[in-house]
Each structure stands twice: as structure tokens, then as C-alpha cells.
Amino acid sequence: MGRPFWHRWTNHTTPRHSSDARSAFPPLRPTAITRASSLSPRFHETVRPPRRRTEPERTMVSARKGRGAGGGGGVVRSRPRIDGGGGGSGSLASRVAVLAFCVAGIWSAYITQGVLQETLSTKRFGPEARRFDHLAFLNFAQNVVCFVWSFIMIKLWSGGSSPAGRAPLSKYWGVSITNTIGPTMGIEALKYISYPAQVLAKSSKMIPVMLMGTLLYGVKYTLPEYFCTFLVAGGVSSFALLKTSSKTIKKLANPNAPLGYALCFLNLAFDGYTNSTQDLIKSRFPKTNPWDIMLGMNLWGTIYNTVIMFVAPLLFSSWPYANGFEAVKFCQENPEVAWDILMFCLCGAVGQNFIFLTISRFGSLTNTTITTTRKFMSIVISSVISGNPLSFEQWGSVVMVFSGLSLQIYLKWKRKKGREHKE
């Protein structure tokens with residue numbers, strides 16, 4: 001019987017046990033090793049240990065991998081610096097520029113929309129100085145324009161994408177009912193309260209949210225959160241109880257503060273249900289994008305408003321709700337109104353673009369901050385430009401509301417930083 005194969009590299013004696021083998025064979029670096037072939041134990045193949053590549057060889061391998069992955073055409077790129085050098089400042093500058101662009105877009109779109117909304121609800125048109133009493137028609141026009149706008153955006157940005165994983169249009173029929181009723185109530189409220197009062201009332205969304213969370217679901221809130229709610233509720237209540245200037249009251253179609261505020265709070269309740277249902281649809285169909293939701297909601301909203309404003313008046317001679325035929329006739333007699341309605345709808349559609357961009361780049365908290373400051377500026381512009389003077393006490397109520405909203409934003413930011421720190 002011949003000598004064992006390991007005697008080619010060592011003269012140690014053959015061990016009897018595995019433990020003896022570990023002691024008898026110290027770690028060596030032979031030039032070649034043998035391992036059993038998977039085909040037959042009688043055959044062996046020689047495998048040499050991997051040789052460390054030189055620096056030029058590693059560079060060439062990295063270049064080949066870059067070409068294979070489609071990256072850079074084989075150009076070897078160094079790792080980006082993270083020490084805040086020139087590249088970091090350029091990136092920061094671009095983010096600041098995009099944020100400024102989003103702020104300018106949201107402010108200009110929605111402040112202009114607010115001015116147009118107030119103009120349509122208070123101004124008298126034509127030689128007969130008639131009011132445009134069909135404010136619900138604004139919601140119908142907004143549905144039509146936003147439906148067309150979202151359809152164009154989907155064709156432009158995701159025309160070739162597969163519809164798999166996206167919510168079908170049939171999923172929006174139920175939630176579109178509340179989305180049709182809620183905004184209509186908010187617009188109709190302008191017949192009874194001023195635009196600054198409407199903005200303040202609609203800014204208190206946290207109040208019904210916390211009430212429903214506490215009473216229905218037993219949610220526990222912190223003391224600072226209750227303090228935020230107290231500031232907002234106190235500010236809105238004091239503003240409503242304070243005397244409104246006679247100049248502002250004369251502009252209203254039917255001054256009735258309790259009814260106007262009730263419509264605003266009903267609007268908030270319907271909006272809360274709408275938003276939560278939209279989130280549920282998004283969670284069940286994760287590939288659904290904001291344009292899909294905008295398309296589905298406004299498609300059904302257009303259908304519902306068409307039935308309410310154009311079909312129902314034909315079926316019922318004494319239809320008490322807004323009449324679409326009368327609204328169209330008013331626009332034909334007063335082209336200025338038609339132009340204001342078109343601009344009102346386009347501002348809403350364009351504003352949605354900037355909101356989507358802000359949320360995708362900077363998150364919902366940044367978007368909330370921008371929209372909150374926009375509401376404050378809308379009140380300032382309404383008071384200064386549109387001729388709705390506020391008393392010193394009313395300005396105190398406005399500051400009280402937005403102090404509560406600002407504190408709420410700060411608490412959300414603090415919780416977000418705490419979660420990021422734990423992760």
C-alpha cells in the first residue's frame with residue numbers, strides 16, 4: 001500500500017484520531033490542494049487558492065461590473081463625499097430651490113383660488129348687480145376640470161405602466177359621495193359667514209378627529225395635544241362670538257353665523273371620512289398613485305353632481321337644490337363669472353400638483369406646514385385686499401388658532417425625530 005497523499009507536503013506521522021489530526025497538522029499554505037471530485041472518489045482535481053488581485057486588476061474588474069450593470073459606461077466613480085463639501089452644498093441648494101418652488105406654487109395657487117372663491121360668493125355681476133347664487137356649481141366644475149387634469153397627467157407620466165396593483169375605478173364610488181357632499185357644504189357656508197371665518201373653521205380639523213378618537217376608539221392624547229386643541233377651539237369660538245364688521249356682513253348673501261359654522265364642521269366630518277377611506281384604498285392597492293385617486297374621485301363626483309344639478313331639475317320642477325342649467329345661463333350672460341370659475345378650477349388642479357410634489361420630496365409634515373401658513377396668508381389677504389376688516393380681538397383669535405396649529409406641527413416633528421433616533 002502506497003504512502004498517503006498528504007506525505008507529499010509533510011513528514012508527520014499518520015494520526016489515529018481526528019483530534020490527533022488537528023494537532024499533527026498545523027495550518028500550512030500549500031501551493032495546491034486536492035479535493036474529492038463529485039463524479040468519483042477515485043478522481044481528484046487540483047484547485048489553486050485565489051490570488052489577491054493587484055490594484056490595476058481591481059480597477060478593471062470594477063469597470064467591467066459598471067458596464068454590466070448599466071452604470072456609467074465603464075467609468076469608475078469614487079464614493080461620494082459626505083463631509084459637507086462642495087457636492088453636499090450643491091445638493092442642499094437644489095433641495096432648498098425645490099422647496100421654495102413648492103411653497104411658491106402652493107401659496108400662489110390656493111391664495112388665488114381663495115380670492116376667486118370669495119369674489120364669486122360676494123360680488124355682484126352685470127348691469128342688474130346680481131349675485132352668483134349657484135356656489136355648488138363650483139364643486140361640479142372643479143370635478144370636471146380635475147378629472148380631465150388627472151387623466152392627462154396619468155397619460156403623460158404613467159401611460160405605459162400596467163394597471164395591475166392599482167385600485168379599480170369602482171372602488172371610489174362610495175367615498176366619492178362624501179367627497180361630493182363635504183366640499184359643497186364648505187362652499188355653501190360662504191353665503192352665511194365671511195371667508196376668514198370659513199378658513200378658521202376649516203382649520204380646526206383636529207377637533208373632530210380628537211373627539212371621535214376619544215369617544216369612539218378610546219385614544220389617549222398627551223397634554224400638549226389637548227392644549228393645541230384648546231388653542232384652536234378657543235380661537236375659532238372667540239372669532240365666531242366677536243362682532244363682525246358691518247362692511248363684511250353687507251357682502252354676505254344670507255348672514256347666519258350658526259348655520260355657516262355648522263356647514264363648515266360638517267364639511268370637516270365628511271373630509272375626515274374621505275381621507276381615511278382614501279388611505280385604506282391606498283393600503284389595499286399599494287401601486288395606486290395620487291393621480292389614480294384624483295381620477296377616480298373626480299369621475300364619480302362628476303357623475304353625482306351631473307345627476308344632482310342637471311338630471312334632478314328635469315325630473316322635479318320645484319327642485320330645491322342648485323340648478324346647473326341656471327348656473328350655465330348665468331355664466332353665458334356674465335362671461336366674467338365663467339372666467340373666474342375656470343381659473344378657480346385650474347388653481348385647484350395646479351395646486352394638487354405642488355402638493356403631490358411636496359409630499360413626495362419632503363413628506364406630509366412639510367406639506368402641512370406650508371398649507372397652514374397659506375391659510376394664515378389667505379386671511380391676511382382677504383382682510384387687506386378683499387375688504388374684510390378684522391378687529392384687534394379677531395386678530396387675536398386668528399393668532400390663537402395658528403399658534404395651536406404651529407404647536408401641533410412642532411409636536412409631530414418632535415415625534416418624527418424621536419422615531420428616527422430610535423431606528
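Okay, hi everyone. Before anything else, remember that we're looking at a predicted model. The chain has 423 residues, and 37% of them count as buried. In terms of secondary structure, you get 15 helices and four strands. As for contacts with a separation of 6 or more, 76% of those are between residues 24 or more positions apart.

So, how much confidence does the predictor have? The average pLDDT for the chain is 78, and 77% of the residues score at least 70. If you go element by element, helix 12, residues 324-333, has the highest mean at 93, while strand 1, residues 33-36, has the lowest at 40. There are two stretches I'd point out here. Over residues 3-47 the pLDDT stays under 50, and the model has 30 contacts for that stretch beyond four places in sequence. Then residues 61-89 are also below 50, with ten contacts beyond near neighbours in sequence.

Right, on to the cores. The largest nonpolar core has 48 residues, and the ones touching the most other members are Phe132, Phe137, Val337 and Ile341. Helix 4, residues 136-158, gives this core its largest share, six residues. Take Val337 from that list: leaving out neighbours within four places in sequence, Val337 is in contact with Leu120, Phe125, Phe132, Phe330 and Cys331. There's also a second, separate core of seven residues, and Cys146, Met153, Leu295 and Ala349 are among them.

Let's stay with helix 4 for a moment, and look at how it sits against helix 11, residues 290-315. Those two pack at an angle of about 145 degrees, and their axes are 8 Å apart. The crossing is left-handed. What's in that contact? On the residue count, you have 16 nonpolar, nine polar and one charged.

Now for helix 6, residues 195-202. Why call it largely enclosed by the rest of the structure? Because seven of its eight residues are buried. Those seven are Tyr195, Pro196, Ala197, Gln198, Val199, Leu200 and Ala201.

Gln198 is the polar one I wanted to show you. Is Gln198 buried or exposed? Its relative accessible area is 3%, so Gln198 is buried. Beyond four places in sequence, the contacts of Gln198 are Gln117, Gly186, Ile187, Leu190, Ile193 and Cys264.

The other pick is Leu200, also in helix 6. Leu200 has a relative accessibility of 1%, so it counts as buried as well. Which residues does Leu200 touch, not counting those up to four places away in sequence? That would be Val236, Phe239, Ile379, Val398, Val401 and Phe402. With Val401, the C-alpha to C-alpha distance is 7.4 Å, although Leu200 and Val401 sit 201 residues apart in sequence.

Last stop, a backbone detail. In general, most residues other than glycine have a negative phi. Ala129 has a positive one, about 55 degrees, and it's not a glycine. Where is Ala129? In the loop between strand 3, 124-125, and strand 4, 130-131. The relative accessibility of Ala129 is 33%, so it counts as partly exposed.

Definitions and conventions
Residues numbered from 1 in each chain as written. Predicted model: local features only at pLDDT ≥ 70, side-chain atom pairs only at ≥ 80, totals over all residues. Heavy atoms only, no water. pLDDT = per-residue confidence, 0-100. Contact = heavy atoms within 4.5 Å. Core = buried A, V, L, I, M, F, W, Y, C linked by side-chain atoms within 4.5 Å. Buried < 20%, exposed > 50% of the residue type's maximum accessible area, 1.4 Å probe, protein only. Axes fitted to C-alpha atoms, helices over the stretch in contact; angles between N-to-C directions. Left-handed = near helix turned anticlockwise from the far one by under 90°. Nonpolar A, V, L, I, M, F, W, Y, C, P; charged D, E, K, R; others polar.
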